Amino acid sequence: MSAGQFRSVFDIIGPVMIGPSSSHTAGAARIGKIMRELFGEQPDSVDILLYESFAKTYRGHGTDIALVGGLLNMAPDDERLAGSLKLAHDAGIEIAFIPKDEPADHPNTVVMRLNKGDHKEVMTGISIGGGNIEITDVNGYPVTISAGVPTFVIKHQADSTFNKTIMDTLAQDGIKVAVSRTSESQNTAELLSVVEVDQPTAGKATDKLTVLPFVNAITFLN
């Protein structure tokens, strides 16, 4: 891997973490945390479907506590991670781990079904090594969300000016768009765009983006 291919500090020195495995603990914690941020609120219940290697070793490698710790907004190096299952129980969150026999495209795959009243979302994530992860599906939208760089995830209506308007709005605060990818879902006409930017302080522009006429919802991941 060349210097130009490094996307985060994880690519160079690996993650600072609690637990035995960067893929099964650090990566799992990041998956849980990003899914919690995308969900936007603390869920009442979560079904956690585990595939391949995750399904076989989730207890022994601490994948279970890492995923739940992430759902509680803990980072991979949070010392509370070991007690995450009890903390989730105390918070009234029902967690169900469901190991699956079916094959998956990646050996470290997890699907989470997050619920809070009528708010229900389903997301898929993979842990690809060294603490690096990808969210590959959000409610039927095929996506690539690594959160290795500051990222906006925007639900919006189709609009031919989307990319230009987003870039112009962010440029008002000196923020540059590095990559913008838009996904479609078979379930809705609404689109989902993943917009990676160059500044960790880009979240300050969220209010400006939220009021754009074609934007329905927005999450900033940093």
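What share of the contacts in the chain with a separation of 6 or more comes from residues 24 or more positions apart? The share is 68%. Keep that in mind during the tour, and note that the model on screen is predicted.

**Whole chain**

Start with a cartoon of the whole chain. The secondary structure comes to seven helices and 10 strands. The chain has 222 residues, and 45% of them count as buried.

**The sheet**

Select the strands β1 to β6. These six strands form an open sheet, in the order β2-β1-β3-β4-β5-β6, with mixed pairing. Go to the two edges, β2 (94-99) and β6, where each strand pairs on one side only. Look along the sheet to see the twist, which averages 20 degrees from one strand to the next.

Move to β5 and β6. The two strands run antiparallel, and three bridges join them. Show the residues Asp-137 and Pro-142: Asp-137 stands opposite Pro-142, which is in β6.

**The largest nonpolar core**

Next, show side chains. The largest nonpolar core has 34 residues. Select Leu-38, Ile-48, Met-112, Ile-135 and Ile-145, the members that touch the most other members. Several elements give two or more residues to this core, among them α2 (22-39), β1 (45-51), β3 (108-116) and β9 (188-197). Which element gives the most to this core? The element is α2, with seven residues.

Colour domain 1 (25-146) and domain 2 (151-221) separately. Both domains give residues to this core, so the core lies between them.

Centre the view on Met-112 and leave aside residues up to four places away in sequence. The residues that Met-112 then touches include Gly-32, Met-35, Val-46, Ile-48, Leu-67, Leu-71 and Val-122.

Another core, of 15 residues, lies apart from the largest one. To find this core, select Ile-166, Ala-202, Leu-212 and Ile-218, which are among its members.

Finish with two single residues. Select Glu-52, which is found in helix α3. Glu-52 has a positive phi of about 55 degrees, although it is not a glycine. Is Glu-52 buried or partly exposed? Glu-52 is partly exposed, with a relative accessible area of 27%.

Then select Ala-147, in the loop between β6 and β7. The phi of Ala-147 is near 55 degrees, again a positive value in a residue other than glycine. The relative accessibility of Ala-147 is 14%, so Ala-147 counts as buried, the cut-off being under 20%.

Terms used
Residues numbered from 1 in each chain as written. Predicted model: local features only at pLDDT ≥ 70, side-chain atom pairs only at ≥ 80, totals over all residues. Heavy atoms only, no water. Core = buried A, V, L, I, M, F, W, Y, C linked by side-chain atoms within 4.5 Å. Buried < 20%, exposed > 50% of the residue type's maximum accessible area, 1.4 Å probe, protein only. Helix = DSSP H or I, 4+ residues; strand = E, 2+ residues; numbered from the N terminus. Domains from an automatic or database assignment. Contact = heavy atoms within 4.5 Å. Pairing = 2+ DSSP bridges. Axes fitted to C-alpha atoms, helices over the stretch in contact; angles between N-to-C directions.
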